[in-house]
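Reader: I am new to this structure and would like a friendly tour. Could you take me through it one question at a time?

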Amino acid sequence: MKILYITYDGLLDPLGSSQILPYLYGINDPSKAIFVISFEKSKLYKKFHKKLNNELQEKNIYWKPLLFSNQFGLIGKLWDFLKIYIFSIRITVNKKINIVHARGHVAAQVAGFLKLFFKVKFIFDFRGLWADERVDKGGWNLNNIFDKLQYRYFKNKEKQLLMRCDHTIVLTKKVVSEICKISKIEFDKITVIPCCADFDHFTIQTEEKKLNIRQQLKIPKNSIVIGYLGSIGQMYLINDYLKFLDLLHYEYRKSKQHIYGLIITNDLFNAKNAINQVASDELKENILVSTASRNEVPKFLHSLDVLISFISVTYARQAASPTKIAESFATGIPIISNAGVGDVDDQLLSVHGGLIIEDTSIKNLQETIIDLNDVLNLDRMNIRAKAKEFLSLDIAIQRYKDVYSKVNFRKND
């Protein structure tokens, strides 16, 4: 079996190291030859590509990294797309590829082309309702005619690609019926694989680990630490997280316990900007902000008592599977989340792993404080054990392997 894996995300990006490479390493075996095309940022490429290339070669994975065009605007983007087509065709022909695995909508357009002209099998790793996510994140403004045309183009293309592919992989059970409605494809051509975590990498929190990292961060021993992990943007409700911290700080102000916030993100500027705009002056000195590599994320999670996952609820969010859910559960850290995001409600209930609130109104945030002690006292070993049954990397890898087998042995259409 010869597989061409195409991604518009970089293997050297944080997302690549957490959500692409572990899967590639897991599905790789002597029965497969894997060829990868990815788009890399020039700074990361110059610094780390030799090390990663050596690592991939040791695992017999061939990597063709392409660099983003940072100049010439739209023409630069078109050149990027052309490069994907050129190298995808070259590898497909020269290496006699029989399965193309496309991660996301941009890569899927290339895979659809390869299926049409070279009769390869096409796996659409859907990831999410990409065009609608672009609107949610502010990348496209539908009041702008050019953005609206792009949105319509990709929504139409989305339907075509779903109908053309041999199998679709989605992140949530909730979006399956929507995918079937969009494309009229059959349920048995869809596999749900949520964002999972490597339970060997994300180890269980212990009292010793918690105290060690808190000592490094200069957080008092008797504090309650409420965490935020991941991107900053209009889709991720960091302001509501900060409001919750303020309410907790006010509630515990006469207690011997201090409330601390720890924001783990690579977007330091926007995190600090949000703190300056939203947090009270008294609380600001108790909110820490830090970047973290994939290797460092478990260490920072070990310092937490609770992780907050507040995300805006939109049409696109039914397809979302926040990586932080699996990573937090793997370390045994409970989660407080708003309702309506992908399968998160069901996941929290399944593992008895935290608290779901209807929305992030001040009223609901205040009521959450009443239940905080119950969340703090949840059995962390139990959270990890139950989550491992459906959010571990091993299970995700086996599902990917099952998809490859199903597609490889399916008769040609």
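**Pockets, sheets and rings**

Author: A pocket is an open set of points on a 1 Å grid over the protein atoms alone, with protein on both sides within 12 Å along at least five of seven lines, while a cavity is a set where a 1.4 Å probe fits but cannot get out; lining residues have an atom within 4 Å of a point. Points are joined across faces, edges and corners, and a volume is the space filled by probe spheres set on them. This is a predicted model, in which local features need pLDDT of at least 70 and side-chain atom pairs count only at pLDDT 80 or more, whereas totals for chains, interfaces and linings use all residues. Residues are numbered from 1 along each chain as its sequence is written, and side-chain values use heavy atoms, with hydrogens and water left out.

Reader: Which helix gives the largest share of the lining of the second largest pocket?

Author: The lining includes K173, V192, D343, D346, Q347 and S350. Helices here are DSSP runs of H or I with at least four residues, strands are runs of E with at least two, and both are numbered from the N terminus. The largest share, three residues, comes from residues 344–351, helix α15.

Reader: Which element gives the most to the lining of the largest cavity?

Author: The search finds two cavities of 30 Å³ or more, and the largest holds about 70 Å³ of space. Two elements give two or more residues to its lining: α2 (21–27) and β4 (99–103). With three residues, the most is given by α2.

Reader: How many charged residues are in the lining of the second largest cavity?

Author: This cavity has a volume of about 50 Å³, and its lining includes D198, R294 and E327. Asp, Glu, Lys and Arg count as charged, Ala, Val, Leu, Ile, Met, Phe, Trp, Tyr, Cys and Pro as nonpolar, and the others, Gly among them, as polar. By class, the lining has five nonpolar and two polar residues, and the number of charged ones is three.

Reader: Why is one side of β3 and of β7 left without a neighbour in the sheet?

Author: The open sheet of seven strands has parallel pairing and runs β3-β2-β1-β4-β5-β6-β7; two strands pair if DSSP finds at least two bridges between them. β3 and β7 (190–192) stand at the edges, so one side of each lacks a neighbour because each has a single partner strand.

Reader: Which residue in β3 does I37 stand opposite?

Author: β2 and β3 pair in the parallel sense over seven bridges. In β3, the residue opposite I37 is K64.

Reader: What is the angle between the planes of F35 and Y62?

Author: The structure holds 15 aromatic pairs; rings of Phe, Tyr and Trp (its six-membered ring) pair if their centres lie within 6.5 Å, with planes under 30 degrees apart counted as stacked, over 60 as edge-to-face and the rest as tilted. F35 and Y62 form a tilted pair, 5.7 Å centre to centre, with an angle between the planes of 55°.

Reader: Which strands are the edge strands of the six-stranded sheet?

Author: This open sheet also has a listed order, β10-β9-β8-β11-β12-β13, with parallel pairing. Pairing on one side only marks the edge strands, β10 (287–290) and β13 (354–357).
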